[in-house]
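Welcome! Here is a short briefing to read alongside the structure, with a look at its helices and its cores.

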Amino acid sequence: MSDPSYATGVLLKQASDGDQRAWDELVNRFTRLLWSVARAHRLDTPDAADAVQTTWLRLLEHLDRIADPERLVSWLVTTMRRECLRTLRRTGRERLHAPGETFEPPDPADAADVGLILAERDAMLWTAFDRMPERCRKLLRLLMTSPPPPYEAVATLLDMPIGSIGPTRKRCLSNLRAQLEQMDGPLDGGPASEER
Amino acid sequence: MNATHDDEALLDRLRTLCEQVEPMPDTVVQAARAAFGLRRLDAELAELMLDSADEPAGAVAVRAAGLGDIRMLSFSAGPLSVELQVTDRDGARHLVAQVIGVDVTAAALETDTGRRELDTDDGVLIADQVPAGRVRFHLQTADGPKYLTSWIHI
């Protein structure tokens, strides 16, 4: 069994030598991050699943050619971003070609659906989050991934210096909090059920 | 409660919401694991060098009478290059590939769900009625080496 503490570079080498378990460990480690990247680009579930799969297929194609194995995560998110942009172009094209339809960015979860599955407070937070400026929404969508992605990968994705991720995160969260207060009085930072 | 704690708590709430609203299906991880079986060690990768669909709209737009847009792609590995044209026909894709630089003796088109053998007359490969999705070409050459084109979405 591959030790989960193994360095990414070791797993990459083992997978390259044909070790399915090392490959599985890489998949376990990074798929959720790739999923977040897809969602940050507003791909819907089928498109997100497809783009994640294409990214893993690209890694398989390049398993022996990754120049800097320790920076695999940056390679993966960069590849994933490219696949997301391709998907958006493709779905945009298909919609443009469909008669009588105009292109709008795909909206993964529309407010009515969200209202059905979330309590009112949560629905409000989700709506506020969804309306955030693109850069903030993307940054927070990535940072909330569990486990949190390396800042290096976030910086690569957002073309942002590593040093400004922390301050931007802080600013985005206070903007979100301010939005919520406008919508519904002061917000407690904890879960909806928690009394302050 | 301090500001850092508040930030963490808010991000935690967002994380929980994301998992509710946009859950990742288990099939995503299962498919990624299974992909390992698709690795081919005996074939050299022909990288995608050019895809008109990646260009800004209009830059490489090619139109043919009655066919609509033609998407042009180009793959390369060592002496090999593959020029591929993709057109839409009746809701499916029509593929014409010209193999240059090597003598191709057998070819197949692989999709997510299957594989079809293609004729190799004069290095021209034709695949009609291909459903939209991911594809790659397998090429066998007269003097030995096998090639695989990088996966593309058509």
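A crossing is left-handed if the near helix is turned anticlockwise from the far one by less than a right angle, and right-handed if clockwise. This is a predicted model, where local features need pLDDT of at least 70 and side-chain atom pairs count only at pLDDT 80 or more, while totals for chains, interfaces and linings use all residues. Residues are numbered from 1 along each chain, and side-chain values use heavy atoms, without hydrogens and water.

**Helices H1 and H2 of chain A**
- H1(A) (residues 8-16) and H2(A) have axes that come within 8 Å and cross at roughly 135°.
- The crossing of H1(A) past H2(A) is left-handed.

**The nonpolar cores**
- A nonpolar core is a set of buried Ala, Val, Leu, Ile, Met, Phe, Trp, Tyr and Cys residues joined through side-chain atoms within 4.5 Å; buried means under 20% relative accessible area (1.4 Å probe, protein chains only).
- The largest one has 65 residues, and A:Trp23, A:Trp56, A:Leu59, A:Leu140 and A:Leu176 touch the most other members.
- H2(A), residues 20-40, gives the most to this core, with 10 residues.
- Apart from it lies another core of 25 residues, including B:Leu80 and B:Val102.

**Where chain A meets chain B**
- A:Leu140 touches residues including A:Phe129, B:Leu11 and B:Leu14.
- In H7(A), A:Leu140, A:Arg141 and A:Leu143 meet B:Leu11, B:Leu14, B:Arg15 and B:Cys18 in H1(B).

Key. Chains are lettered from A and ligands numbered from 1 in the order in which they are written. Buried means under 20% relative accessible area, exposed over 50%, partly exposed in between (1.4 Å probe, protein chains only). Helices (H or I, at least four residues) and strands (E, at least two) are DSSP runs, numbered from the N terminus. Contact means heavy atoms within 4.5 Å. Axes are lines fitted to C-alpha atoms, for helices over the stretch in contact, and angles run from 0 to 180 degrees between N-to-C directions. Lists of a residue's contacts leave out its neighbours within four places in sequence.
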